[in-house]
Amino acid sequence: MLKIAVPKESDLGELRVALVPDIVARFIKLGFEVLVQSGAGQGAHFTDSAYEAAGATIVNSAKELWESADILLKVAPPGEQEGEEEMNWLKTGATLISFLNPLGNPEQVQALAQRKINAFSMEMIPRTSRAQSMDALSSQANIAGYKAALIASASLPRLFPMMTTAAGTIPPAKVLVIGAGVAGLQAIATARRLGAVVEAFDVRPAVKEEVQSVGAKFIEIPIEEDTATSQGYAKEVGQSTQEKIRQVLTEHIKKSDVVITTAQVQGKRAPLIVTEEMVGEMSSGAVIVDLAAGQGGNCACTEAGKDVYYNGVTIIGPLNLPSTLPVDSSKVYAKNLLTLVKYLVKDGAIDFNFEDDIVSGTCVTYEGEVRNERVKKALATLVQA
Ligand code: NAD
């Protein structure tokens, strides 16, 4: 019987947990044994007794839990505890499934390979319809987009919706969303539900209809170069295109009460879209929420994890928003993991079938080797630097 282990996340800011009790029960039904570290669900309000009732065994010691795992399911990349690297507690040949930030921290992937841990990175799930139910980047970005709109409305010194009252009519707030991927579309939908008037821009013209379907106006900027990869991700645009985008957006930013930025290019620093000068032209009281803060920020004034005040404008650079809604972000992440593990396990063992695009895309280390080409490239760049 394969042993699945769920540790308590060691990063203090991480309130999510990899499995919730309902999903533990699903794994038990499928014939897995599930071990959960005592207190693992505390941050997300799932008690040890709820896990026990679902069929899990509660383990007190973190080290013992890691050592027992055939498959260890985690949210954040392995860290340190009691002065020791958590990943060193895994037995040789164990499988780790987690967010691993493999392009940002390829050295850890290399260390996992050296330790002969077979690792799957949740960031690398292909963005295809077949893999949609395993797509943790989407399940978490959706929650981040929602929270970004709430933060913006709570920080704005005026109302989002239009109000017609006996004391006069208040016009709706104007919100601009830059980057209309998963997080951006949810930010648009949430801002609309709160009553704001919303417009949006993305370098991929293909998102125009999606933007319109959630109730926003799409800002059209004719772009000559090809802006999307074959996997549907945005490409880094050239200097002159970025300048053209800035020129058009300046007018829109100036008139906005709120700007929510979510623009990212996989494996690269986030594009700088809102310059200091543009912030300087915004009205006093305006708010920017920069969801790309962790990747360098879309706004020149952003400081990751901080609120910055510039000329009357508040620039908020939140980190790890899904962790601020840990109940639901854990539920959907656990469902992503259930679908992936069910897909990977055949006849009581993980089937490392590298002919399959989900396995080959997601598995970053196998039997002592770093497998993923993009991670290998990131490692080679480090050696050259
Ligand atoms: P992301 O987080 O990588 O980037 C956010 C958005 O920023 C993207 O829409 C991107 O086009 C945009 N962007 C990048 N550079 C920009 C710039 N200079 N100016 C303005 N906008 C810029 O994106 P994501 O939310 O992870 O989605 C990436 C792609 O994957 C999208 O095409 C999405 O529709 C697709 N997707 C597909 C599936 C699926 O088929 N299962 C699931 C999720 C996402």
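1. A backbone N or O atom of Thr128 lies 3.2 Å from a nitrogen atom of the ligand. For Gln264, a polar backbone atom is 3.4 Å from an oxygen atom of the ligand. On its own the ligand exposes 830 Å², and the protein buries 86% of that. Accessible areas come from the Shrake-Rupley method with a 1.4 Å probe, and for residues only the protein chains shown count as cover.

2. The model is predicted: local features need pLDDT of at least 70, side-chain atom pairs count only at pLDDT 80 or more, and totals for chains, interfaces and linings use all residues. Residues are numbered from 1 along each chain as its sequence is written, and side-chain values use heavy atoms, with hydrogens and water left out.

3. How many residues surround the ligand? There are 23, and the closest are Ser138, Val182, Asp202, Arg204 and Gly232; a residue is near a molecule if one of its heavy atoms lies within 4 Å of it. By class, the shell divides into 10 nonpolar, 9 polar and 4 charged residues. Here Ala, Val, Leu, Ile, Met, Phe, Trp, Tyr, Cys and Pro count as nonpolar, Asp, Glu, Lys and Arg as charged, and the others, Gly among them, as polar.

4. Asp202 is in the loop between strand S12 (197-201) and H7. Helices (H or I, at least four residues) and strands (E, at least two) are DSSP runs, numbered from the N terminus. Asp202 counts as buried because its relative accessibility is 8%; buried means under 20% relative accessible area, exposed over 50%, and partly exposed in between (1.4 Å probe, protein chains only). A polar atom of the Asp202 side chain lies 2.5 Å from the backbone nitrogen of Ala180. The backbone nitrogen of Arg204 is 2.8 Å from a polar atom of the Asp202 side chain.

5. Leaving out residues up to four places away in sequence, Asp202 touches Gly179, Ala180, Gly181, Val207 and Phe218, where contact means heavy atoms within 4.5 Å. Asp202 and Thr250 are 48 residues apart in sequence, with 15 Å between their C-alpha atoms.

6. Is Gln140 buried or exposed? Gln140 is buried, because its relative accessible area is 4%. The residue belongs to helix H5 (residues 136-155). Its side chain has a polar contact of 3.1 Å with the side chain of Ser139. A polar contact is a pair of N or O atoms within 3.5 Å; within protein, one must be able to donate a hydrogen and the other to accept it, and residues adjacent in sequence count only if both atoms are side-chain atoms. Not counting residues up to four places away in sequence, Gln140 touches Arg16, Phe99, Pro322, Ser329, Val332 and Tyr333.

7. His252 lies in helix H8 and is buried, at 17% relative accessible area. Which side chain makes a polar contact with the side chain of His252? The partner is Glu199, at 2.9 Å.

8. The structure holds 16 salt bridges, each a side-chain nitrogen of Lys or Arg within 4 Å of a carboxyl oxygen of Asp or Glu. Side chains of opposite charge can pair when their charged atoms come close. One of the salt bridges joins the side chains of Asp356 and Arg130 (3.6 Å, N to O). Asp356 lies in the loop between strand S19 (349-350) and helix H11 (357-362), and Arg130 in the loop between strand S8 (118-121) and H5, so the pair ties together parts that are 226 residues apart in sequence. Asp356 is buried at 14% relative accessibility, whereas Arg130 is partly exposed at 47%.

9. Lys208 and Glu220 form a salt bridge through their side chains (2.5 Å, N to O). Lys208 is in helix H7 (residues 208-213) and Glu220 in the loop between strand S13 (217-218) and helix H8 (239-255), so this pair ties together parts that are 12 residues apart in sequence. Lys208 is partly exposed, with a relative accessible area of 29%.

10. In the salt bridge between Lys306 and Glu303, the closest N and O atoms are 3.7 Å apart. Lys306 is partly exposed at 46% relative accessible area, and Glu303 is partly exposed at 38%. Elsewhere, salt bridges that share partners join Arg130, Asp356 and Asp357 into one network.
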